[in-house]
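Here is a short briefing to read with the model open beside you. Take it topic by topic and look up each spot as you go.

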There are 2 protein chains.
Amino acid sequence: MTGSTDGGAAPAVRSPRGERRGGILEVARLAGVSASTVSRVVNGRTGVDPVLAERVRDAAAELGYRASPLARSLVLGRTQTVAVVVPDLANPSFQGMLHGITRAAAHDGYRVLVADSAEDVDDEASIARETRMRCDAVILCAPRTPTETLAELTPTLEPVVLVNRTLPGSGVPSVAIDYADGIERLAAHLAGLGHRRIAYLAGTRASASDAVRRDGLARFALAHPEISLVTIEAGVGLADGEQAADEVLAADVSAVLAFNDLVAVGLLRALTERGVDVPRDISITGFDDIPFAAYTTPALTTAEVPVEALGALAWQRMAAVLGGTPPGVDEVLVPELRLRGSTGPAPAE
Amino acid sequence: MTGSTDGGAAPAVRSPRGERRGGILEVARLAGVSASTVSRVVNGRTGVDPVLAERVRDAAAELGYRASPLARSLVLGRTQTVAVVVPDLANPSFQGMLHGITRAAAHDGYRVLVADSAEDVDDEASIARETRMRCDAVILCAPRTPTETLAELTPTLEPVVLVNRTLPGSGVPSVAIDYADGIERLAAHLAGLGHRRIAYLAGTRASASDAVRRDGLARFALAHPEISLVTIEAGVGLADGEQAADEVLAADVSAVLAFNDLVAVGLLRALTERGVDVPRDISITGFDDIPFAAYTTPALTTAEVPVEALGALAWQRMAAVLGGTPPGVDEVLVPELRLRGSTGPAPAE
DNA sequence: CTTGGGTTAGAAAGCGTTTTCTCACTCTAT
DNA sequence: ATAGAGTGAGAAAACGCTTTCTAACCCAAG
């Protein structure tokens, strides 16, 4: 067959220290059996003479043999790896999600390959496809991608689970946070405190999660015609909230719903600096309940978005799909309100 | 050779939508050439008749052909993937690093496989080894792993780059933040403000990054015998800082060096709540310069740890090793001090 | 007109596994 | 004693690609 004792220099995925040269054949030779038998023993297949099995195990141990995942993947047709595609790994939400997914997947023996599309919607599709080829599935976070593009993309990625995006009627499973519900309830909380003029500090215009918040607010506005709601374009980061301060003051509102906690904290800081008392003069709410939210002064009223749980849930759904279970309906996580010191009664006129 | 028109049902790493069945042979058949030629064209090898090359490209495009990374990896002996092993993906520092690595690696055509060892030092070695087999290299963050274990592990992982750990004399390249220098300079800053009794809010005892901070402080203490330095065991999170407040007050110090920004913010909040004025009564410094540090009230004096740059640097070193360049000396990033409102002159006795 | 060098394309040998297929052997029942 | 079933192990094909090796071909030079 192949070279009998040697084999020549070969590519080197293998260990660099000189140990573990030939792979399964080395073990087979040492144990005096065929590669087939080694494979059977290593994979726990039954029907191998206990004596041989023992010899194989000894040989494998002595050589420190571990089957090449690459070769296994090629023949088995699965990699035990799932791709996670996010638009921006700098974003704490995606980081948290990634964490949730990684832990949950590891629990089921799967690894995670991360791909950061760097907010580039155009590249996203090709990045996702490329990544998919190395994996068994992809978990896709694509808040900015147009629905149409997404509908074209997902079939080529299957199995796929969408995060914070739905594709109704497509059968693509998804998990999402109900931002609309969360912000609607935050608004209701403010209304209950007597606020009548409220500002919404909007996120990025193109993002799906901003759109869904606006939906929630629209619903709220419909149910509360007595309340006037103004929208101020801000952004998604600390600096954006800070810069929006003057516009907020000019808007003459008694409460503001910030796009997220970062924006809220930025605003809180800017207002505090200007001598505005929160919540006496103006109430502020955030969104996400990042760990810091409870540690600002005053502590931030917000809606808890369990990103890690969302990640874990995404994996759970993926595991189900991978296991052959029909996808079922979309999962929606409802945020819990965390009422803290940054909101209070509306100031008397 | 192989089945002439069919080939039977095969494993299914491939696309699920029915397109792209046979791989390279399909393309070869459609273009009327051999697989070799297709491979050559696809990989841009020269010496192919332009007419054939064109036919191949057309065929590939028509079939939407993309070479299987798995098969390529197997034959080429490289996966274009690097493993990043971190002890806890929930930690913002590791998240930032991961981001830096991912971006930098993507720039060089490499993907990142994440592995979270979940703080389990025992499993770490096997996790690292397992992950390594699917990748070309590993970037290892192992702050808690005993040096001895690390020295045993790294040779089996090569090529490897260590983060915030060095293995002197081993030739293992590493990148690190000079925490010792950073905290020493923070201490000097406080000394310059007239503080004579300073507390260090320590992190986790076993962690290398806490040990290195203590080294820096020891150096500082040696150079400044007039200053009394007390150590208070705290931890690494927001809650840890908060809980240390009473002990800090009892210690009768005028300034506190917190292990990191999280601890500092926790402490800041707790002190503010108790009516202590920062920095008039007590000065506080953090470490890391997380985005929030500039947004607390007062803003936090801290040392900037450029985690993303560290990640990028780690990749850069890895790229060098992968490219055959000798590792060279260890890289050390010196943190920049960010002097803000949380530190001020020591109160007059 | 033949020989030799330079191209270009295909055949085939891997890369390291798993798994089917085949065969040899052992044991039981006739 | 012998056929038939049952067990266990090895040979070989397959996974999808890259690359060496070989052969065919064309053209220029002797």
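Asn164(B) sits in the loop between β4 (160-163) and β5 (174-177) of chain B; helices (H or I, at least four residues) and strands (E, at least two) are DSSP runs, numbered from the N terminus. This is a predicted model, in which local features need pLDDT of at least 70, side-chain atom pairs count only at pLDDT 80 or more, and totals for chains, interfaces and linings use all residues. Residues are numbered from 1 along each chain as its sequence is written, while chains are lettered from A and ligands numbered from 1 in the order in which they are written.

**Backbone details worth a look**

- Asn164(B) has a phi near 55 degrees, a positive value in a residue other than glycine.
- Asn164(B) counts as buried because it has 23 C-beta neighbours inside 10 Å. The cut-offs are 20 or more other C-beta atoms within 10 Å of its own for buried, 12 or fewer for exposed, and partly exposed in between, with C-beta atoms placed from the backbone.
- Asp289(A) also has a positive phi, near 55 degrees, and is a residue other than glycine.
- You will find Asp289(A) in the loop between β9 and β10 of chain A, and with 23 C-beta neighbours inside 10 Å it counts as buried.
- The peptide bond joining Glu158(A) and Pro159(A) is cis, with omega about -5 degrees; Pro159(A) lies in the loop between α7 (147-153) and β4 (160-163) of chain A.
- In chain B, a cis peptide bond runs from Val278(B) to Pro279(B), with omega near 15 degrees, and Pro279(B) belongs to the loop between α12 (261-273) and β9 (283-285).

- Ala293(A) is placed in the loop between β9 (283-285) and β10 (302-304) of chain A.
- Ala293(A) is buried, since 24 other C-beta atoms lie within 10 Å.
- Beyond its neighbours within four places in sequence, Ala293(A) is in contact with Asp261(A), Gly286(A), Ala299(A), Leu300(A) and Thr302(A); contact means that the C-beta atoms of two residues, placed from the backbone, lie within 7 Å.
- Arg340(A) is 47 residues away from Ala293(A) in sequence, and their C-alpha atoms are 9.1 Å apart in space.

**Strand β6 of chain B**

- Strand β6 (residues 197-202) of chain B is largely enclosed by the rest of the structure, because five of its six residues are buried.
- β6(B) pairs with strand β7 (residues 228-233) of chain B in the parallel sense over six bridges; strands pair if DSSP finds at least two bridges between them.
- Between β6(B) and β7(B) the chain passes through helix α9 (residues 208-223), making a right-handed β-α-β crossover. Right-handed here means that, with the strands pointing away from the viewer, the path from the first strand over the helix to the second runs clockwise.
- β6(B) also pairs in the parallel sense with strand β8 (residues 255-258) of chain B, over four bridges.
- Tyr200(B) stands opposite Thr231(B) in β7(B) and opposite Leu257(B) in β8(B).

**Where the two chains meet**

- The contact between chains draws 45 residues from chain A and 45 residues from chain B.
- On the chain A side, α4, α5, β2 (111-116), α6 (121-133) and α12 (261-273) each supply at least two residues.
- That side divides into 24 nonpolar, 12 polar and nine charged residues. Ala, Val, Leu, Ile, Met, Phe, Trp, Tyr, Cys and Pro count as nonpolar, Asp, Glu, Lys and Arg as charged, and the others, Gly among them, as polar.
- β2(A) and strand β2 (residues 111-116) of chain B pair in the antiparallel sense over three bridges, with Leu113(A) having Leu113(B) as its bridge partner.

**The DNA strands**

- DNA strand D is surrounded by 32 residues, the closest being Asp49(A), Gly23(B), Ile24(B), Ser36(B) and Ser39(B); a residue is near a strand if its C-beta atom, placed from the backbone, lies within 6 Å of it.
- The surface near DNA strand D holds 16 nonpolar, 12 polar and four charged residues.
- DNA strand C has 31 residues around it, the closest being Gly23(A), Ile24(A), Ser36(A), Ser39(A) and Asp49(B).
- The surface near DNA strand C takes at least two residues from each of α2 and α4 of chain A and α2 and α4 of chain B.
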